Amino acid sequence: MKPIRVLDLDLINSVTRIAPEKIYELETLIFNYDPSIIFTNDKEFSFRVDTEKKEVKLPTVALEYLWCACYAFYVFYQEYFALNQEDRNPLDIYSSDRSQKAISLYNWGIGQLSQNPSIEWPSDLPMPTKYLTHTDEDVQVANELYLCSVSWIIHHELAHIYCGHKNMPVNDEESRAEESEADFFATNLILEGVADESILLKRGLGVVIAALVITTQDILAGEFKETTHPKSFKRLYKVLDSHFQDPDHLVYAFSVVICHLNMAAGGMYIKGNGSETWKENLETCLVQFSRLTKL
């Protein structure tokens, strides 16, 4: 059994558990529309929905990559700030064994999206584990972030059903509008009205990672296309801007760090200003991304 499969039941349960304060609304939607979740062997990071059959399709390789990203991004963020506090180059995070494992895992996850046939999960790298010991903190955090991220993705796909979207939009413009509507629905469902900062942070990081994994793929590819979906960096910014008013909130810092590290890996020049807030720093990144945009 693939390691990612140990979290499948938690994944399905996360659809309602992600926002227990809205359990009645969530259960009512599920009861009224009766959607199903199907795990597929498709390649690429391509979650999708058949609105006529009410089926949300989750490729196994995409789930594997998402978990790897959750693990790696968390480790990268921690290592980045540890180096920064030591007055060392925070972009040189790959010197520790912990970071080396994270980057190896991240690269394996990316490779899974196109590898055919898929490669077995390397036994010497971190992996999803159901029953953890006190030494598995990074895996535990990755599990939690993964379930938050995948819950947002599922609710995004379910929103296409709830909002009456067709399988084949009239044109790309209509498709982008529907994608934005689904983003808005899923984000509000998970983040709106959350008063507890620790809960908001956990859910927020999960949602942000779901957006970041698309943005970082575009960074590494060196271009941001806009066809059936809005530009990935615009989706990332909208998620943050709509629910996090503090410009130095940790979710902005997290997003900037992950963008910077992937920009460095992609050979992009990184503009920085120590006087900027983390939100302003992210906006500086987005200006750079906009110059790589292709229609």
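Here are a few questions and answers about this predicted model. Residues are numbered from 1 along each chain as its sequence is written. Local features need pLDDT of at least 70 and side-chain atom pairs 80 or more, while totals for chains, interfaces and linings use all residues, and side-chain values use heavy atoms, leaving out hydrogens and water.

Q: What distance separates the end C-alpha atoms of helix α9?
A: Helices here are DSSP runs (H or I, at least four residues), numbered from the N terminus. The expected span is 1.5 Å times one less than the number of residues, so the 16 residues of α9 (250–265) should span 22 Å. The model agrees, with the ends 23 Å apart.

Q: How many residues of α9 are buried?
A: Buried means under 20% relative accessible area, exposed over 50% and partly exposed in between (1.4 Å probe, protein chains only). Helix α9 is largely enclosed by the rest of the structure, because the buried residues number 13 of the 16.

Q: Which kind of aromatic pair do W67 and W121 form?
A: Phe, Tyr and Trp rings (for Trp, the six-membered one) pair if their centres lie within 6.5 Å; planes under 30 degrees apart are stacked, over 60 edge-to-face, the rest tilted. Here the centres are 5.7 Å apart with 70° between the planes, so the pair is edge-to-face.

Q: How far apart in sequence are the parts that the W67 and W121 pair ties together?
A: W67 lies in helix α3 (residues 60–85). W121 is in the loop between α4 (97–112) and α5 (137–162), so the parts tied together are 54 residues apart.

Definitions and conventions: Helices (H or I, at least four residues) and strands (E, at least two) are DSSP runs, numbered from the N terminus.
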